[in-house]
Amino acid sequence: MALFEQLKLQYEQGLYTDVSILANMMLLSSESTPDLLTFSTRYQTLVYYADSLSNLKDFKKAEAIYKKALQFRKSVAKSKGKTQPFPMGEVTSEVDVKYKIYLCLTNLKQHSQAAAVLDSIPAKQRTPCINMAIAKLNHQNGNERVAITSYKEVLRESPFAVDAALGLLTLGVKATEVAAMMVNNSLNVATIDWLSLWIKGHSHLHANELALAISTFKQIDTKTSLKDCTEVLVPLGEAHYYNGDFQNALVVLERVHCLDPLSVKGMDVYGILLGREKKTQELENLANHLSSVNEYAPEPWIVMGYHSLSIKKGGRASMFSQKAYSLAPRYIEALLLRGTVLLELKKTQEAITYFGEAYKMCSTRYEAVKGLVDCYLIMHRNREAVAIASTACKQLGQTARALTLYANVLTKDPLSADKAKPLLEKALKQDPTYLNAVFLLASIYEQERLYEKGIELLKKHIEQQTSGKLHQMLGDFLARTNEHEKALQHFSIALNMDPTNHKAAEGSQRVEQNPESSESYDVDEMADSENEADLEESEVEAVWSDVEYP
């Protein structure tokens, strides 16, 4: 017993290597010296041994020792009949050991076996952490009814288990029902001014009621005691991002990063936004920082993946995207990155698989819809692209982004191209600042040789906002109407704003070489080449440079 007490002391002191060595020797010695350990101390020695191995991340061996402990317990209990050789409270319970086995199997990525272990625990013996594990496994596997039941069991015993509450909201349970389950008579919930708003905000977010979600999270940040709380700011930033308001999303998530540099939550979206703004150095700094913070979360790998894409390192991007996906195969941002990388590498059929999975999980995510549409267009599966884009207008609402995406698909088919123009005009009524709609409408005017209309449209928007592509396109239109001096001015502005704008450089060179005539602009030829270029644009540019690529 003195030796066991020393083992227990080492375990409590966290000396796990020492415990694993001593426990192994004790168990072997007890084979020839039966009096060395009693039934209960032998069982507990096995548990300590397995716990130590688990803490040392030797999960395969830990799982084997846990199972050995359970087998020993079962055999002794059977031989002793009604007597209790394992006093309650003095040894680790059978339920706790099974949960530890589940954790080992999860770390070994053996998810079906892990689920089977949890299912073997009788419902009445399940603790909140076991119910939470069951809920998450079933949630990931699409077994929504079981997941909802298990989340509710967690809240019944632990009313402020906010992760369980989020799970229920994600699965469509009403905010009022979730709030009712979180009321605990031992707490004066009325004094917690943020609780009902926090629940309501997430309910709106998961119902794709983004304007209401933004309004609610802003209210929590400005009018409650949770000002500068990252648990409020992250969903606020994400809501802006999902809504296509990238500037506000960037501001909010940058604020999150400043408030808590050691948090990775929401930083993948922050990285995407930095990439959209061509802030390559800031993106690299973020990637390096996050990789030093937490290598077991998908967010750092996602940021590293997008940074690799931004510097045209497709192989590295593929490696990072695969790592993110392996860590969180049901995480939408990991799926979108994987699809984006595969599309960049021209593995379109594989990209469809990942974009399709993201779309299946959340059909209201614009990035998943656009990824599928781009893949189908590249593969000349226009009918499927039209179907997805048309459905998006219903699921995402008649937003400027959804309408423009649909219009872009329609322009690929001469028989339906005439339907695109009214959609774009409607998009610009919805959001007069949405440049994608401007660019696509201008390209339609170009194809129809309506140069004056194109010039009027582009000049109107240049007065409202600045963009290199606006000036480049206006230069093209002015060159076609033989206003060469003005055309050169706008090409020059476009190149000053973005020296890599090859279309502005080509346009300027063309005008300088042949200033007398606009014949060098073959409209049909350029329209064809632009259509081909649109199809060949990488998804990373389409995601990050939404302002540049419809």
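These legends describe close-up views of a predicted model. Residues are numbered from 1 along each chain as its sequence is written. Local features need pLDDT of at least 70, side-chain atom pairs count only at pLDDT 80 or more, and totals for chains, interfaces and linings use all residues, while side-chain values use heavy atoms, with hydrogens and water left out.

**View 1. Helix 14 packs against helix 15.** Helix 14 covers residues 246-259, and helix 15 covers residues 267-276. Helices (H or I, at least four residues) are DSSP runs, numbered from the N terminus. The two pack at an angle of about 130°, with axes 9 Å apart. That makes helix 14 oblique to helix 15. Angles under 35 degrees count as roughly parallel, over 145 as roughly antiparallel, 65 to 115 as roughly perpendicular and the rest as oblique. Axes are lines fitted to C-alpha atoms, for helices over the stretch in contact, and angles run from 0 to 180 degrees between N-to-C directions. The crossing is left-handed (the near helix is turned anticlockwise from the far one by less than a right angle). From helix 14, F246, A249, L250, L253, E254, V256 and H257 meet M267, V269, Y270, L273, L274 and R276 of helix 15. Contact means heavy atoms within 4.5 Å. By class, this contact has 10 nonpolar, one polar and two charged residues. Ala, Val, Leu, Ile, Met, Phe, Trp, Tyr, Cys and Pro count as nonpolar, Asp, Glu, Lys and Arg as charged, and the others, Gly among them, as polar.

**View 2. Helix 24 meets helix 25.** Helix 24 spans residues 420-430. Helix 24 and helix 25 pack at about 145°, and their axes lie 9 Å apart. Their crossing is left-handed. A420, K421, L424, E425, A427 and L428 of helix 24 touch A437, V438, L440, L441, I444 and Y445 of helix 25. The contact holds 10 nonpolar, no polar and two charged residues.

**View 3. The largest nonpolar core has 129 residues.** A nonpolar core is a set of buried Ala, Val, Leu, Ile, Met, Phe, Trp, Tyr and Cys residues joined through side-chain atoms within 4.5 Å. Buried means under 20% relative accessible area, exposed over 50%, partly exposed in between (1.4 Å probe, protein chains only). Y151, V178, I199, L273, V373 and L458 have the most contacts inside this core. Helix 25 (residues 435-447) gives the largest share, nine residues. Apart from this core lies another, of 39 residues, among them A114, I121, I130 and I134.

**View 4. A351 sits in helix 20.** A351 is buried, at 0% relative accessibility. Leaving out residues up to four places away in sequence, A351 touches G339, L342, L343 and C375. R338 is 13 residues from A351 along the chain, and their C-alpha atoms are separated by 7.2 Å.

**View 5. K109 and K346 lie in loops.** Most residues other than glycine have a negative phi. K109 has a positive phi of about 65°. K109 lies between helix 5 (94-107) and helix 6 (111-119), and is partly exposed at 47%. Phi of K346 is also positive, near 65°. K346 lies between helix 19 (332-344) and helix 20 (348-361), and counts as exposed at 65%.
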